Amino acid sequence: MASEIPAPNYRPEGADRSPAEAFHRTFFRIFNVTNVALVFWLCFTLVLTSLVKALAVQSFGEWAMMVAYLTRQYLASGLLGLLAVALGAAVLPERMGRRARWLAMFAMLAASSAASAGVRLWMSRYPMTDVREQVAWFADVVVFWSVVGLIAYGLVGSIRRQQETRRRLGQQIAEESALSAAALEARLTVLQAQIEPHFLFNTLANVRRLCEVDPERGRRMLGSLLDYLRAALPAMRRSSTALAEEFELVRAYLTVLQHRMGERLRFNIELSDRLADAPIPPLILPTLVENAIRHGLAPLPEGGTITVNAVREDGHVVVRVADDGAGFQAASGSGVGLANTRARLSALFGSAAGLSLQANRPRGVVAEVRLPITNR
């Protein structure tokens, strides 16, 4: 039977994880060393920007101490804001409305900014005595870091949506590839199912005809046919076989037909060892040999010779089945066997493979199969 291709089975990212595992993965995807470093450099850049003018009125030592002090202050707000963004991304469910998620995130950022302002007041070397000044500064810290946190949350959401889109696109491509492979498998199965009875019924008809004319030769032919079928039937259900195995099938098939045709059928089979393992779809060569005998040799009283060989040309394996029979007047190349062979080659290899017929010299037809060299 043809091999079955399992249907794709994809699950959303994180669907097979527990809530704790999903929280851990999401949280530490945001709150990690890289993002902590980014927060540090953001805070450091903000401090440098705010103190660049002070360098002209302060000594470098005083200015550097002020930079370090303010960087520590800003870093408290930045890290608590990053913590809030990571928590929000991990705990706020997607089923919440977009507006509800943003409001919840803003509340979390405002709380973290207020907490960071308290921490900064606790760490401050320069306490503010004026209440209005403290309130204004507190409000500035909350608003500024809440806005920065919302921007970061928006960027995180955008990145996650892009990743999800790419993941879904990858799933869709994989599903389409699997469906295409399944359709191709079904098409090849139909084509091969058309070839097998066509090929076998013709052979059995030859056995029956010979048994009627010469029972003893018919029995010998039937014995050879049984030997042939023991080797041929397993290969008929494969998607690929080795060129050496296909050549042996051709040899066995021609031996079977020699019982009927006698001296009217002669054959030469040549295959080099370096091409023995080259892959080929099964029943390609027996079909071509059958076509050559039926249309080329059978119409002639004297019969003829079948020559089968293979060579390597320009990155392809070229297999030729030549006869010195009646030629194109009898072999039109439009039969079911040849049509299905062409369809199978096209489905498996596209334009990289093909079947062509050309005149032989001094007479007859050469059927040439060109296959790309692939690994089995």
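How many cavities of 30 Å³ or more does a search of the whole structure find? The search finds 1 such cavity, and the legends below take up this cavity together with other parts of the predicted model.

**Figure 1. Overview of the predicted chain.** The chain has 376 residues, of which 38% count as buried. Its secondary structure comes to 9 helices and 7 strands. Among the contacts with a separation of 6 or more, 74% are between residues 24 or more positions apart. The pLDDT averages 81 over the chain, and 83% of the residues score at least 70. Over residues 1-15 the pLDDT is below 50, and this stretch has 21 contacts in the model beyond near neighbours in sequence.

**Figure 2. The largest cavity and its lining.** The volume of the largest cavity is about 70 Å³. Helix 8 (284-297), strand 5 (316-323) and strand 7 (365-372) each supply at least two residues of the lining. Helix 8 gives the most, with 5 residues. By class, the lining has 7 nonpolar, 3 polar and 1 charged residues.

**Figure 3. Glu290 and Arg294 in helix 8.** Glu290 has a relative accessible area of 7% and is therefore buried. The C-alpha atom of Glu290 is separated by 9.4 Å from that of Val250, a residue 40 positions away along the chain. Arg294, in the same helix 8, has a relative accessibility of 38% and so counts as partly exposed. Arg294 and Gly325 are 31 residues apart in sequence, with 9.7 Å between their C-alpha atoms.

Figure 4. Leaving aside neighbours within four places in sequence, the contacts of Ile306 include Leu254, Leu265, Arg266, Phe267 and Asn268. Also in contact with Ile306 are Ala292, Ile293, Leu297, Val321, Ala322 and Asp323.

**Figure 5. His259 in helix 7.** Is His259 buried or exposed? Its relative accessibility is 19%, so His259 counts as buried. Not counting residues up to four places away in sequence, His259 touches Leu210, Arg217, Arg220, Met221 and Ser224.

**Figure 6. The second largest pocket.** The volume of this pocket is about 530 Å³. Of its 21 lining residues, Ile30, Asn35, Leu82, Ala152 and Val156 are the closest to its centre. Helix 1 (19-30), helix 2 (33-51), helix 3 (60-91) and helix 5 (131-213) each supply at least two lining residues. Helix 5 gives the most, with 10 residues. By class, the lining of this pocket has 13 nonpolar, 6 polar and 2 charged residues.

**Figure 7. Backbone features at Asp314 and Pro362.** Asp314 has a positive phi of about 50°, although it is not a glycine. Asp314 lies in the loop between strand 4 (304-313) and strand 5. With a relative accessible area of 74%, Asp314 is exposed. Which residues does a cis peptide bond join? The bond joins Arg361 and Pro362, with an omega of about 10°. Pro362 lies in the loop between strand 6 (354-359) and strand 7.

Technical notes. Residues numbered from 1 in each chain as written. Predicted model: local features only at pLDDT ≥ 70, side-chain atom pairs only at ≥ 80, totals over all residues. Heavy atoms only, no water. 1 Å grid on protein atoms, 1.4 Å probe; cavity = no way out; pocket = protein on both sides within 12 Å on 5 of 7 lines; lining within 4 Å. Points joined across faces, edges and corners; volume = space filled by probe spheres on them. Helix = DSSP H or I, 4+ residues; strand = E, 2+ residues; numbered from the N terminus. Nonpolar A, V, L, I, M, F, W, Y, C, P; charged D, E, K, R; others polar. Buried < 20%, exposed > 50% of the residue type's maximum accessible area, 1.4 Å probe, protein only. pLDDT = per-residue confidence, 0-100. Contact = heavy atoms within 4.5 Å.
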